[in-house]
Amino acid sequence: MKDTVLSSLLRVNRQRMQALRRALTPYRYVGVMHLIILYTARNPGTSQEEIAGFYAVDKASVARDARRLEDMGHICRTLAPENRRQYQLELTEAGQGMLPVLERAYEDFQQKLSAGLSQEDWNQLTVLLKRLEENACGA
């Protein structure tokens, strides 16, 4: 049974990534760029290390994609005054403009995922998945 749950989670995540890739390709968003934008919108002045830690992705991917976002004009990276080896990230106007696109892509996938589920089913699934996340993260 546990193998089935893990297999299903992996398949759902692969479908999510494919849906995001299709939705974001016209904007030249690849890799973890969408995660950087979303996290920075919620946490202005965040660091690349914080993003990598939160999403459990490697720092090199975040650094590479943050540089791409900066080149595209979607974020500003400035050296942190207290640590000259760390960048602080802020969204630009162009980055802010991507938020509705990202939210729509996430909403479209959530609608597909939740088709045929009642609100009660969705709430119960949310509670169970949160428990799995806490277990996986060591909480």
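Q: Which residue stands opposite Cys 76 in S3?
A: Glu 90 does. This is a predicted model: local features need pLDDT of at least 70, side-chain atom pairs count only at pLDDT 80 or more, and totals for chains, interfaces and linings use all residues. Residues are numbered from 1 along each chain as its sequence is written, and side-chain values use heavy atoms, without hydrogens and water.

Q: And what is the bridge partner of Ala 80 in S3?
A: Asn 83. Strands are DSSP runs of E, at least two residues, and helices are runs of H or I, at least four, numbered from the N terminus.

Q: How many bridges join S2 to S3?
A: Six, between S2 (residues 75-80) and S3 (residues 83-91), which run antiparallel. Two strands pair if DSSP finds at least two bridges between them. A two-residue hairpin links S2 to S3.

Q: What is the strand order in the sheet?
A: S1-S3-S2, an open sheet of three strands with antiparallel pairing.

Q: Which strands stand at the edges?
A: S1 (46-47) and S2. Each has a single partner strand, so one side of each lacks a neighbour in the sheet.

Q: Switching to helices. At what angle do H2 and H4 pack?
A: H2 (residues 33-42) and H4 (residues 59-72) pack at about 75 degrees, axes 9 Å apart. Axes are lines fitted to C-alpha atoms, for helices over the stretch in contact, and angles run from 0 to 180 degrees between N-to-C directions. That makes H2 roughly perpendicular to H4 (65 to 115 degrees; under 35 is roughly parallel, over 145 roughly antiparallel, the rest oblique).

Q: Which H2 residues meet H4?
A: Met 33, Ile 36 and Ile 37. Contact means heavy atoms within 4.5 Å.
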